[in-house]
Amino acid sequence: MNQDYLKELFYYKDGALYWKVNTGAKRVIDKRAGCLSKSVGYWKVKIHKKEYRLHRLIFLYHHDYLPDSVDIDHIDGNKTNNRIENLRLATRSQNCFNSKKRKNNKSGVKNVYWCSHSKKWVGRIRANKKIVFSRYYNTVEEAAKAIEKVRHKYHGEFANDGKTKEAL
């Protein structure tokens, strides 16, 4: 896939690609391309029987290359917000830093969990595949306050407290 061919097939508008050509019943001029994948939460589109994630094609459409060794991160954490302003290059670690709080999180705070052995709350941060911060706290509030500062120190612009960010 290359930018020239992509621009022959589609035009970009407000975070979506629209067909420029009629190639079948579902591919009609000016119709939004792709569908939302319920299993992974990303928009996807098929071109010549190959499936692509739409945010990757939008990146290619605007930047004339597709990165091989890095991810394309949604800044606001919303996998369906494919506006070019919301997409940036990220390492796999940085993309994980920007992830939301896990659904099974019981503390309500990203990077904080209950340690039943010590009967305390633990704040833990990883960076560069290593634990760079791990401390015990008596209350979840203490752990949350401390972990927020540390998260920004180690995760920088990719720091995400686990809550949904406002759309750009």
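Tyr-113 stands opposite Val-122, a residue of strand S9. This is a predicted model, in which local features need pLDDT of at least 70 and side-chain atom pairs count only at pLDDT 80 or more, while totals for chains, interfaces and linings use all residues. Residues are numbered from 1 along each chain as its sequence is written, and side-chain values use heavy atoms, with hydrogens and water left out.

Strand S8 and strand S9 run antiparallel and are joined by four bridges; strands are DSSP runs of E with at least two residues, helices are runs of H or I with at least four, and both are numbered from the N terminus. Two strands count as paired if DSSP finds at least two bridges between them. The open sheet to which they belong has three strands in the order S8-S9-S10, with antiparallel pairing. Its edge strands, S8 and S10, each pair on one side only, and the twist averages 30 degrees from one strand to the next.

A further open sheet has three strands in the order S3-S4-S5, again with antiparallel pairing, and here S3 (35-36) and S5 (50-53) are the edge strands. Four bridges link S4 (residues 43-47) to S5 in the antiparallel sense, and Val-45 stands opposite Tyr-52 in S5.

| Helix | Lies across | Angle |
|---|---|---|
| H2 (residues 54-63) | S4 and S5 | about 75 degrees to S5 |
| H4 (residues 140-155) | S8, S9 and S10 | about 5 degrees to S9 |

Note on methods
Contact means heavy atoms within 4.5 Å. Axes are lines fitted to C-alpha atoms, for helices over the stretch in contact, and angles run from 0 to 180 degrees between N-to-C directions.
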